[in-house]
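Dear colleague,

Please find below the structure I promised to pass on, followed by some notes on what turned up in it.

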Amino acid sequence: MVKIPIRILLVDDEKDFSEMLSLRLNELGEKVTCAYSGQECLQALEKTNIDVIILDIKMPGMDGIETLREVKRRFPLVEVIMLTGHGSTETAVEGMKLGAFDYLMKPADFDDLSAKLEGARKRKDEQEERVRLAESKLLVRKSGGT
Ligand SMILES: [Mg+2]
């Protein structure tokens with residue numbers, strides 16, 4: 001079976017970490033774009049179709065939670081997995097209430113991350129399908145059908 005790559009946006013201010021992780025995800029056949037701040041994350045979303053964002057919570061300037069709010073406001077169907085350090089589990093829970101799919105503790109276990117990425121992509125696909133269905137019903141109604 002042909003694997004359909006997950007289009008991932010990796011957002012983390014630690015460049016070494018991002019490079020290593022994106023290499024591994026690329027090896028798995030995923031398509032990774034890197035951003036190093038909240039601002040860069042939003043700019044990347046304007047230009048690129050993304051399925052899942054891996055979002056670091058602790059970043060200078062616009063932090064992960066602030067970025068998450070903005071992402072969910074402007075790109076509600078994009079799924080977000082948060083990366084947290086020790087002691088920021090509460091922030092991760094707050095993030096999930098704001099619409100994040102899940103979170104991972106750093107250093108993230110790769111298999112765990114990989115499973116969560118699949119889960120997030122699946123949720124996005126299903127949600128997009130529901131939106132498409134609702135839109136087509138709306139069209140039928142507008143054109144006078146039943
Ligand atoms: Mg950081």
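In these notes, two strands pair if DSSP finds at least two bridges between them, and helices (H or I, at least four residues) and strands (E, at least two) are DSSP runs, numbered from the N terminus. The model is a predicted one, in which local features need pLDDT of at least 70 and side-chain atom pairs count only at pLDDT 80 or more, while totals for chains, interfaces and linings use all residues. Residues are numbered from 1 along each chain as its sequence is written.

The strands form an open sheet of five, in the order β2-β1-β3-β4-β5, with parallel pairing, and its edges are β2 (31–35) and β5 (102–105), each of which pairs on one side only. Between β1 and β2, which run parallel, there are five bridges, and leucine 10 stands opposite cysteine 34 in β2.

Across β1, β3, β4 and β5 lies α5, which runs at about 155° to β4; axes here are lines fitted to C-alpha atoms, for helices over the stretch in contact (C-beta atoms, placed from the backbone, within 7 Å), and angles run from 0 to 180 degrees between N-to-C directions.

As for α1, its 13 residues reach 18 Å from the first C-alpha to the last, close to the 18 Å expected at 1.5 Å a residue, where the expected span is 1.5 Å times one less than the number of residues. Glycine 29, which follows α1, has a positive phi, near 100°.

Finally, leaving aside neighbours within four places in sequence, isoleucine 81 is in contact with residues including Val52, Phe101 and Ala120.

Best wishes

Technical notes. Two residues are in contact if their C-beta atoms, placed from the backbone, lie within 7 Å.
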